[in-house]
2 protein chains.
Amino acid sequence: MSLLAVGTVAFDAIETPFGKTDRIVGGAATYVCLAASYFTKNANLVAVVGDDFPEEEIRDLNNHGINTEGLQIKKGEKSFFWAGRYHNDMNSRDTLVTDLNVLADFDPIIPESYQDCQFLMLGNLTPKIQQTVINRLNNRPKLIVMDTMNFWMDIAMDDLKETLKMVDVLTINDAEARQLSGEYSLVKAAKKIQEMGPKYLVIKKGEHGALLFGEGQIFSAPALPLEEVFDPTGAGDTFAGGFIGYLASQNEVSFEKMKKAVIYGSALASFCVEKFGTERIKNLSQEEINNRVNQFSSLVSF
Amino acid sequence: MSLLAVGTVAFDAIETPFGKTDRIVGGAATYVCLAASYFTKNANLVAVVGDDFPEEEIRDLNNHGINTEGLQIKKGEKSFFWAGRYHNDMNSRDTLVTDLNVLADFDPIIPESYQDCQFLMLGNLTPKIQQTVINRLNNRPKLIVMDTMNFWMDIAMDDLKETLKMVDVLTINDAEARQLSGEYSLVKAAKKIQEMGPKYLVIKKGEHGALLFGEGQIFSAPALPLEEVFDPTGAGDTFAGGFIGYLASQNEVSFEKMKKAVIYGSALASFCVEKFGTERIKNLSQEEINNRVNQFSSLVSF
């Protein structure tokens, strides 16, 4: 089924203990669409860039079957730019630069041809823009998945809570789940967050895997134990793209399917961190993905 | 097969966000033996207490089928006492009191009737005493499992490394694995630690479960997501007791069996934290344990 992904398409400059990059292509929607492209050939992008964004990068997305009709290119303006430096543990990072540029007044226009989308991925953006996207769709999608971050909890909690009422699945990390709910126990946190709106909740725990809550059940997905995490940028968005992409390919929303979706999302994310930026998830084979999913399976079987 | 457990039998005074206890019975070997008693009826204890240690507590151990012939009772001396206060996250704690008492000159005497033990659990003690136990056994046990902690890495690293050469399995937490190896990546840490001696390594990650390394394979065990951790004291020792108890009951040492042993250990530990001290693991039914293991199974199946 068709998938609509809304989020940033941007430039990142990344420093990790393993090296640093100049401006490379990043952005939540970029990672989401690339990851989802391995599951659905009907992925549609809504985002905004400046005219500094390379045409060949857009062609790269098209070559992955991603429809970029909804990608606005603002003449004479610059793309969103983020620079960050990861600490040695690769779990924490400092933001060095955030230049909103075109993102400052992003108006998410939905092309008419996207209106029949059944699966909607709201990448990390202001909660207001996420609401606007939902309100501009003629029909409510079968499934709305939303990502967000602590930043919006700090400065726009009321808006965030409004948006939460409108979505089916929320994906956040464990610290964010604790902040949003005010509960330390993730089980209690999940209950409170589910009462805020989302029937399903995915709590991402980085090197410790992910928890899926829904339908009164809990699923625990492992993380693949890795020798090295080269660059964690985009891992969460890649997870989300694999997650919703798999569900779109199955065209079924159930806890059983979501468990598999969490594993496919985790598998894609485990590739993402192997190289800088989108390099690794631009070049995956179906066989590599299947082998990785099998690794997840044997990792937990007893 | 027969199991020998060496470690502390002691008093604890515990404060958690949920309440506090006066002196209650604790100690690594207490938890190990109680947990193991659900798997083997041939568990033998070597430890030392003062004559302040209640006889009914020793009878309690005997009622679980635990042989206390090797429990030395020092006349006119006091049992080891530890007092601690857990923080709100239940992952970190402050030690308020450590009174070594009888532990200060503990000489682990192995009764003749214990000499045929096939499975040896070395609870957290000075690495020198752990070595002494191994050296006093006429025949090397089929499997030696060792627990330790960061304290010995700080003050007795050389002794610890000597002991590591003599054991088959090491159980430590993730921070300790990083400290012992000097590697942040747990996969790299595991490789280095396995080169120090133990063929198998269990890294305990608290609320994030546990990782088992050995025979070139990795197994990831989930933790049961709990609404509340009431008191984490003894959870690691209970894990170790369930782990080695299960292996002793199977009388087989292989990666496949160890995976199940990690799950049984995790299941027992998940009971331990439900109440203060040993209260919960003193009173378990086989049905409760089997149901809990089934919960672990459905938690990860996809």
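Biologist: Which strand of chain B is B:K204 found in?

Modeller: This is a predicted model, where local features need pLDDT of at least 70, side-chain atom pairs count only at pLDDT 80 or more, and totals for chains, interfaces and linings use all residues. Residues are numbered from 1 along each chain as its sequence is written, chains are lettered from A and ligands numbered from 1 in the order written, and side-chain values use heavy atoms, with hydrogens and water left out. Strands here are DSSP runs of E with at least two residues, helices are runs of H or I with at least four, and both are numbered from the N terminus. On that basis B:K204 belongs to residues 200–204 of chain B, which is strand β12.

Biologist: Is B:K204 buried or exposed?

Modeller: Buried means under 20% relative accessible area, exposed over 50%, and partly exposed in between, with a 1.4 Å probe and protein chains only. Contact means heavy atoms within 4.5 Å, and, leaving out residues up to four places away in sequence, B:K204 touches several residues, among them B:D147, B:D174 and B:F239. Its relative accessible area is 16%, so B:K204 is buried.

Biologist: At roughly what angle do the axes of α1(B) and α8(B) cross?

Modeller: Axes are lines fitted to C-alpha atoms, for helices over the stretch in contact, and angles run from 0 to 180 degrees between N-to-C directions. On the α1(B) side, B:A28, B:Y31, B:V32, B:A35 and B:A36 meet residues of α8(B) including B:G241, B:G242 and B:G245. The axes come within 7 Å, and they cross at roughly 40°.

Biologist: Are α9(B) and α10(B) roughly parallel or roughly perpendicular to each other?

Modeller: Angles under 35 degrees count as roughly parallel, over 145 as roughly antiparallel, 65 to 115 as roughly perpendicular and the rest as oblique. Helix α9 (residues 255–272) and helix α10 (residues 286–300) of chain B pack at about 115°, with axes 9 Å apart. Among the residues that meet are B:Y264 and B:F271 in α9(B), and B:R292 and B:F296 in α10(B). The two helices are therefore roughly perpendicular.

Biologist: What kind of aromatic pair do A:F18 and A:F230 form?

Modeller: A search of the whole structure finds 18 aromatic pairs over all chains. Rings of Phe, Tyr and Trp (its six-membered ring) pair if their centres lie within 6.5 Å; planes under 30 degrees apart count as stacked, over 60 as edge-to-face and the rest as tilted. With 5.5 Å centre to centre and 15° between the planes, A:F18 and A:F230 are stacked.

Biologist: How many residues apart are A:F18 and A:F230?

Modeller: A:F18 sits in the loop between β2 and β3 of chain A, and A:F230 in the loop between β14 and α8. A:F18 is partly exposed at 37%, and A:F230 is partly exposed at 23%. The pair links distant parts of the chain, at a separation of 212 residues.

Biologist: Which ring does the charged end of A:R292 sit over?

Modeller: A charge sits over a ring if NZ of Lys or CZ of Arg is within 6 Å of the ring centre and within 35 degrees of the ring normal. In chain B, the charged end of B:R178 sits over B:Y184, 3.8 Å from the ring centre. For A:R292 the distance is 3.9 Å, and the ring is that of A:F271.
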